[in-house]
Structure formats: C-alpha cells, structure tokens
Amino acid sequence: MASVSTPPDCYSCHGNANLHSLPPRERIAVDDQWRVAHAFGSAVPGWLVLLPRRHVTSIAELTELEAASLGTWQVRISQALRTVLGCEKTYIAQFAEAAGFAHVHFHIVPRAADLADEFRGPKIFQLLGPSAAPHVGDVQMDDIAASLASELAPGPSAAESSPTPRDPLAREVRQRRQRVRSVVVPERVIRSLEEQVILAEWV
Ligand SMILES: [Zn+2]
C-alpha cells in the first residue's frame, strides 16, 4: 500500500485511514493507489469522486504508478456509471480548493440524457453543495454503490471465465459430457474412414 500521511483536517485522509469502517458509498472500489466514493451533498445520484490513497494536493505530485492507473480508473468508472445509471456521458473535473478538501479528488459525474440545459457543462456544480438540496440520501447512495462495486470488481467477468464447477452435480455433468465427446469423436472418424473405403470401391 502507498505510504499515507493523514493531516487531521483532511476529510479524504480520514476516510483512507479508516477504510474498513466506511459505509459502502465511501468505498465503492479501492486499490493500492485510488479509492472511489460517492460524493456527499450532491443532488445527482452517482456523482462520484476518485481520490488517491496518499495525501496529495496537486495532480503534479502524483507518482508514475498513480498516474498509470488514473486514466484506466476514469474510463472504467465512466463505463460502470453508463451501465448502472444509463447516463449519456460523464463529466470529469478536479479542483480541490475547498477548506478541508485540498486532497486531490476527481469528480466523475454522470450526465443524464434528460439533464436540463441550465445544469450542463460546468454548471453541473450547481447540483453539489448546500444550495443543491435535496441531496441524494444515504440509502440511495449505498444502493448505487453496490451496483457500481460489482461492475468495478477486479477479475474476468462471469461470461469470460470458465472455472471448474464447485457443485458436485455440475462437475459430474461436465465430466460426463467430456466422456461422451471422447467417445463420439472416434466413432465419427471411423464412419468417415468407412465412407472413404466405400467411395474408393465405387470409383
Ligand atoms: Zn488528504
């Protein structure tokens, strides 16, 4: 894990230092470099932030390792938001200017197809903060987080993987199919050879 200093007034560092006690909406996905969380105080369901595990206040301070996975995270999060929420595109912005929030964090915001023109582009930030109430509630944020977490989980998808079944019955079915195949193939070869012999006699 990356070395982490935790300034007492940094909200992000406090979360990074207490990962296992965070609610699901605050730890949607985590690796050694980055954490994905749902933004609080937003009127937009699925408004996420991507933040480094270290206390960093400028993008210029990111390490090569952090930089290497930054783009991948931004794209994967955008894909997950599209899958889960059906948004048309995502907006990405990084400021880290508010008191207590100097820790670098990329806002990744789903832009719905029907979002009113008055909130498009940078104006989407009118939907974040005290004046944006009513905010997305904790229960809804945790629900969205659960769906996003399964989209962002590491490893191949179920469709791509073909593990040995743990269920004994399923394992038996697979073994039987393999045995059947091993019998069928020679029979077909034999038939083919017989047909060739018959053909040879005709010619
Ligand atoms: Zn910090």
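Tutor: A word on the source comes first. This is a predicted model, in which local features need pLDDT of at least 70 and side-chain atom pairs count only at pLDDT 80 or more, while totals for chains, interfaces and linings use all residues. Residues are numbered from 1 along each chain as its sequence is written.

Student: How many helices and strands are there in the protein?

Tutor: Helices (H or I, at least four residues) and strands (E, at least two) are DSSP runs, numbered from the N terminus. The protein has four helices and five strands, and its elements run α-β-β-β-α-β-β-α-α from the N terminus on.

Student: In what order do the strands form the sheet?

Tutor: Strands of a sheet pair through backbone hydrogen bonds, either parallel or antiparallel. Here two strands pair if DSSP finds at least two bridges between them. The five strands form an open sheet in the order β1-β2-β3-β5-β4, with antiparallel pairing. β1 (29-30) and β4 (89-94) stand at the edges with a single partner strand each, so one side of each is left without a neighbour in the sheet.

Student: Which bridges join the strands, and which residues stand opposite each other?

Tutor: β1 and β2 pair over two bridges, Ala-29 having Val-36 of β2 as its bridge partner. A hairpin of three residues joins β1 to β2. Five bridges link β2 and β3, where Arg-35 stands opposite Leu-51 in β3. Strand β3 (residues 48-52) is joined to β5 (residues 106-111) by three bridges, and Val-49 stands opposite His-107 in β5.

Student: Which way do the residues of β2 point, and are they buried or exposed?

Tutor: In a regular strand the side chains alternate between the two faces of the sheet. A residue is buried if 20 or more other C-beta atoms lie within 10 Å of its own, exposed if 12 or fewer, and partly exposed in between, with C-beta atoms placed from the backbone. Trp-34, Val-36 and His-38 point one way from β2 and Arg-35 and Ala-37 the other way, and all are buried.

Student: Which residues touch the most other members of the largest nonpolar core?

Tutor: A nonpolar core is a set of buried Ala, Val, Leu, Ile, Met, Phe, Trp, Tyr and Cys residues joined through C-beta atoms within 7 Å. Of the 29 residues in the largest one, Val-36, Leu-48, Val-49, Leu-50 and Ile-77 touch the most other members. β2, β3, α2, β5 and α3 each supply at least two residues of this core, and its largest share, five residues, comes from α2.
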